[in-house]
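My plan was to go through it site by site and write down what I looked up.

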Amino acid sequence: MTALLLTSLRPWGGAPADLLIEDGVITALGTDLPAPDGARRVDARGLLALPGLLNTHAHVDKSWWGKPWVSYGGEATTQGRIAHERAERGALGIPSEDSTVRVMEEFLRHGTTATRTHVDVDLGVGLDGIASVRAAAERLGGALEVRIVAFPQDGVLRRPGVLDLLDRAAAEGADAIGGLDPAGIDRDPVGQLDALVDIAERRGAELDIHLHDGGSLGVFQLELLIERTVRAGLQGRVNVSHGFALHDVTGSQAEELLAALGEAGISWTSVAPLNRGRVPWRAMRAHGVGLGLGTDGIRDLWSPYGDGDMLRIALNFAQIQGLRHDEEIASALHLITRDSARFVGRDQHNLAPGSRGDVVLVDAENLPDALLRAPRRELVVAGGRIVAEAGELVGR
Ligand SMILES: [Zn+2]
């Protein structure tokens, strides 16, 4: 048995306590906990403790992190970015296990201990990207837990053969299969959604669909997805990524749409894009529409932005939404921790017995202070193992 006893940490910024992790799982939280024989003991010196951060929308296979700077060369449209990426990625050696390891290390360094990542599946790379992400996660000893969405970045129906790849990915254990703008890219929303739902039903996979189409075209596709989710009994197993249409709806249309999404158990993951403005977040919560936050790709052929720090993403979200009161600012931290457990396939994720031993310590007065300054991660524990100290990786 391996045991780690963290003493004098302040869970969620509250009163000091000790936390015991045994064999990778939190087994006790209390005061003056005795250290089991052979336990490693670390004094947390009153630092504020959060559960490990959860990145619910990433693309760890796409990045050129760790390589010399690559100037962005594509058109700014979705189509332009797809074409640019397909033309350039081979020369950069993407996807590569090494680059994926570098991205995952950045996640861990910033306190992210689990991620839901989309991994490109297309006629060029087949399922190689998924194998490479799995190998990268293994190289890090499983410190970063990875949930995989097989993602048809180049389209589905418009590329005959991609559906078979998605089916194979699901058969070989991908947690979810993705989709991409059924109208905007495939120009056949009913066809793409029916085909994806069919695979999800047959293989028992979840669905996680990228929907950049905004406005009424996006809303229409959300309605099609709601119908199919309910009909196939996939409630609680379908997510919409980006879903820019949700930034566009207002008033009674928003209420009706969110009520239907909530009833169908369809969740939404966002990267809190600065240029899209607010979403009806309070109404989403009221209707039980699950919300996760993520970094999206960082430093890749789609966009040079991003550094993998979920505190910065949550801060963007809080700022865009205009959160001001302490409890609301704290809720942005809940979004990137305990409230997103199901996006990474967990029943619970908290500083509590039964949760994986994922802990992040920061030098902050309280939760709003921790979010607004996004301070250095003083200690990161992933699955009971110390992986970063004073903002840097250890034990590599
Ligand atoms: Zn994405």
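**Metal site**

I started at the zinc ion, which is coordinated by NE2 of His57, His59 and His210 and by OD of Asp296, at 2.1 to 2.5 Å. I kept in mind that this is a predicted model.

What is the arrangement of the four donor atoms around the zinc ion? I noted angles of 84 to 175 degrees, which makes the arrangement irregular. A tetrahedral label would need all angles between 85 and 135 degrees.

I then wrote out the spacing of the donor residues: H-x1-H-x150-H-x85-D. His57 belongs to strand S6 (residues 53–58) and His210 to strand S10 (residues 206–210), so I logged a link between distant parts of the chain, 153 residues apart.

Are these two histidines, His57 and His210, buried or exposed? His57 is buried, at 0% relative accessible area. His210 is buried as well, at 2%.

Next I looked up strand S2, residues 17–22. I found six of its six residues buried, so the strand is largely enclosed by the rest of the structure.

I checked each face. Ala17, Leu19 and Ile21 are buried on one side. Asp18, Leu20 and Glu22 are buried on the other.

Which strands pair with S2? Strand S1 (residues 3–11) runs antiparallel to S2 and is joined to it by five bridges. Strand S3 (residues 25–30) is also antiparallel to S2, again with five bridges.

Towards S3, I found Leu20 opposite Ala28.

The one from S2 to S3 has two residues between the strands, with Asp23 in the turn at a positive phi of about 45 degrees.

**Helix H4**

I moved on to helix H4, residues 162–171. Its buried residues are Val162, Leu165, Leu166, Asp167, Ala169 and Ala170.

What do they pack against? I listed helix H3 (128–139), strand S8 (145–151), strand S9 (176–180) and helix H5 (189–203). Just after H4, I noted Gly173 with a positive phi of about 105 degrees.

**Glu378**

I found Glu378 in strand S15, residues 377–382. Its relative accessibility is 16%, so I counted Glu378 as buried; the cut-off is under 20%.

Its side chain makes a polar contact of 3.1 Å with the side chain of Arg376. Beyond its neighbours within four places in sequence, Glu378 is in contact with Leu47, Leu361, Val362, Asp363, Ala388, Glu389 and Ala390.

**Record and one distance**

I looked at UniProt, where an unreviewed entry lists residues 108–388 as "domain: Amidohydrolase". In the model, the end C-alpha atoms of that span lie 7 Å apart. The span is 38% helix and 19% strand.

Last, I looked up Ala286 in helix H9, residues 281–286. Ala286 is exposed, with a relative accessible area of 66%. How far is its C-alpha atom from that of Val133? I got 36 Å, for residues 153 apart along the chain.

Methods. Residues numbered from 1 in each chain as written. Predicted model: local features only at pLDDT ≥ 70, side-chain atom pairs only at ≥ 80, totals over all residues. Heavy atoms only, no water. Buried < 20%, exposed > 50% of the residue type's maximum accessible area, 1.4 Å probe, protein only. Helix = DSSP H or I, 4+ residues; strand = E, 2+ residues; numbered from the N terminus. Contact = heavy atoms within 4.5 Å. Donors = N, O, S within 2.8 Å, 3.2 Å for Na, K, Ca; no water. Tetrahedral: all angles 85-135°; square planar, octahedral: opposite > 155°, others 65-115°. Polar contact = N/O pair within 3.5 Å; in protein donor to acceptor, adjacent residues only side chain to side chain. UniProt positions renumbered as here; feature names shortened; annotations may be inferred. Pairing = 2+ DSSP bridges.
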